[in-house]
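Welcome! Take a moment to look over the sequence and the model, and then we will walk through some of the features together.

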Amino acid sequence: MFKFTTIAHINNDTTRPLVALTTRQGNRYLFGKIPEGAQRVINAVGSEVRFPKLQSIFLTGTIFTWSDIGGLPGLFLTISDATKKGIRVVGECNLLSYIVATWRQFVFRLGIDLEIINVDQNPVISNEEIVVKSIKIAPKNSAKSDVPVVTKADKVLTQIRKLASLMFPLDTGEVNSRNPESYKSDPSSKDIHTHVQLPEASKLITQQDSISYCIEFVPIPGKFDAKKAKELGLKPGPVFKELVAGKSAVNEAGETILPSQVVGPDRILPKVLIIDIPSEAYYEPTVTSYQLQEIENVGLVYHFIGDDVKFDMQDYQQSFLDKFPATTKHLISHKSITNNIIVNEKFASGHLKLKSILPDNFQLMNSDPFRPLSGSDKVGRLHALQCMGVDDTGVHGDNTNVLRSSNLSLYDEMTHSSDIAPPFETLQTRFNLLKDSAADLKDLVHVSTLGTGSALPSISRNVLSNLIRIPYQHRDGSITYRSIILDAGENTIGSMLRNFGHKDESDLKQIYSELTLIHLSHLHADHHLGMISIINKWFELNSGSDKKLYLIIPWQFITFVNDWYSLETQYNHAVDLTRLQMFSCEDFLKEGRLPEYQKLTIDEFEQAYDCGDRHRSINKAPLQPVDNDAIAQMYEAIGLVSISTVRALHCAWAYSSTFKFILDSNRDQHFTISFSGDTRPNPKFCSIGHKSDLLIHEASLDSFWIDEAIAKKHTAMIEAVGVCQLMQCPKLLLTHFSTRYGMSNNCVPKSDLSEEAKELESQLIEKKVFDIFRNVNVDQLANIDIVFAYDLMNIRYGDFNTQEEKWSLLQNMFEVNSKKRKLNEEEKDDEIIDTL
């Protein structure tokens, strides 16, 4: 039996549908979009997608926005971690090549053998198990032509495909160097494909046809009747194999025995259609398509219907579904009929435990109760872990394992054996976004840790993102807030929806109305793959306004943003790039600004590519002056005194930063935040952040893993505390934890901080690496208010001193995932790393 499993349906975690096909031989194929959050959901749902068995990803519909494909680069990372085998992506080759080329500035940790298969070849894939054919449907009122719209730009598109072919080199030794000094060099300085000026996407790709698929199953040979063969005078042996292979045989009487006499008829399986209607422009052409109506023996149809389609089930039934055979089963995806249940049940259970211990710092995740699936066995809605089996007897649905969890059901499971658990009703309190009274304005600063993990999204922690809301007191005494985001890992938007999406997204809309600035610390993919979605949501919720959104990002990411929106603004008309003002992190360095690299034209790149000259030193462009007037205007608009950056000790073009905000109309109260990004302990960062009010610092590992921290240019927890003390900062937020800790962390009790620092200092001296503690009074470390970050945590600056009293309780609650301290050397290699 072949099995189709719904991996993702529309909800806060994934905004597009995704279905997996498992063949009789165990091979996997994905059909649909790859939205942000896909890789985390794939981990959460278990074994339905085994990456070593994943053969191909079939992209459906069109790619109009980042939401359609934002999970793909992250999924590549997950695949490259799981298997050395390459991956095939099926779609519009020219479009996909351009999209992959826009990623050329990103730093990927691992390479992958990526093959882009053009959907125009039919069948797209044909093997001993399945045949997949594409069906392309043009939008309404499109130009009628047998010639693809993009052919005028064939030369440039060929050049871009060459560029894209260099995007995922299998040799990433220099990028992933464990040399502690490797951050001082830039591997991209010799990669010519990284420094190519892409042409405007609008000159290459305009109209897109929507891609759907027909999946046919190779007939299963009929059963061989050995008894009948013997009756016809044949002896067991090689002759039986010949008959099974379709060859005739001769018995001892000289009679010819045909395969049809001893082999049953082939078993024919019904076909499966994956139909994608991405927008209203494709609705009528799809429901009236002769291509679809002419397909015979259709047993199952998946319908992926875009958000902006005005969907009416009754009309859809009459105009389209009734055209299929009465036995055909249909599963439909549209935002109007979806069910926003909890998908990541393990994380949600841990979140509820945190809520029960720290009720003021967590709120119930935004979700809806499970709604039973349709009673009809013919038409139903798409839902995660829904299974459809296909064999020669037909299509058989199985909803046994569909996800049904809600906050209440998970809470009941968590507390069924506890007599002292608080009533569920007491957990429904919400964090007050608009709190406007405190003894000190600083105490109102709101920190929301949306993602607190590192490298890859795990079940327990999403990748890094921090939301900071800073109060401002006006002359009349009223208080409003400004919001900034520090790094935006993949699916930060999903974390925001789960944290603030309640009650028609009123809190979410409030935050986006406040959002003024997004900062990216460096180019590693786990820190920025969610940024475009945040920008798009900002434009959606601030339409009709003339206010600006400011980005403080590496100059390479400015290139990516411009390249990406060259494509997306053709379809997403809410985005107004005149309201998006971008500054390079280089502009805020106190000293040692570096120029960008010169850009090669696409023709210059192709000439070097064809000659095999693909790795050579790239010249630097002239250093451009800083636009101080524009920066001053930004400061005034946001209410900033200054922004300072310093080079982080992590990778090329990485930064640690300090932001000084004005808190009142008299301009005499300030709040200073320092953000480390990823880095080894850095005294220069302590200098620009001297006497900050709040330090947000990575604490990827604990002291036991100091060799790993040094090699990968990260900071151990106790070192981050040392940085905070040297900075003379009173409060510290620790985040960016390794996946090895699961939902726990690398907590050291306050009473042990001094001894931990002394023990690590002796190791650092022995290893002859920088010792942050040489200028630190380790006996004063316990005076710092320390908070360990968890996903979806909300805390006020004035409450930073309250988490410590719960540390032991938190450690005990998650101790099964925190096997990390006091391990002997023999245990090190056998440590269980929770990468799920």
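This is a predicted model: local features need pLDDT of at least 70, side-chain atom pairs count only at pLDDT 80 or more; totals for chains, interfaces and linings use all residues.

Domain bounds here come from an automatic or database domain assignment. On that basis, the protein is divided into domain 1 (2-218 + 268-398), domain 2 (226-261) and domain 3 (432-797). The centres of domain 2 and domain 3, taken over C-alpha atoms, are separated by 74 Å.

Residues are numbered from 1 along each chain as its sequence is written, and side-chain values use heavy atoms, with hydrogens and water left out.

**Salt bridges**

A salt bridge is a side-chain nitrogen of Lys or Arg within 4 Å of a carboxyl oxygen of Asp or Glu. The structure holds 26 of these salt bridges. The table shows some of them.

| Pair | N to O distance |
|---|---|
| R16 and D307 | 3.9 Å |
| K136 and D120 | 2.7 Å |
| K162 and D610 | 2.9 Å |

For accessibility, buried means under 20% relative accessible area, exposed over 50%, and partly exposed in between (1.4 Å probe, protein chains only).

Let us begin with R16 and D307, whose side chains meet in a salt bridge. This pair links distant parts of the chain, 291 residues apart: R16 lies in the loop between β1 (2-8) and β2 (18-22), and D307 in the loop between β13 (298-305) and α10 (313-319). R16 counts as buried at 16% relative accessibility, whereas D307 is partly exposed at 33%. R16 and D307 also join D68 in a network of salt bridges.

Next comes the salt bridge between K136 and D120. K136 sits in strand β8 (residues 130-137) and D120 in the loop between β6 (114-118) and β7 (125-126), 16 residues apart. K136 is partly exposed, with a relative accessible area of 25%, and D120 is partly exposed too, at 40%.

The pair of K162 and D610 also forms a salt bridge. K162 is buried, with a relative accessible area of 18%.

**A helix to look at**

Nine of the 11 residues of helix α15 (residues 531-541) are buried, so the helix is largely enclosed by the rest of the structure. Among them are M531, I535, W538 and F539.

How values were computed: Helices (H or I, at least four residues) and strands (E, at least two) are DSSP runs, numbered from the N terminus.
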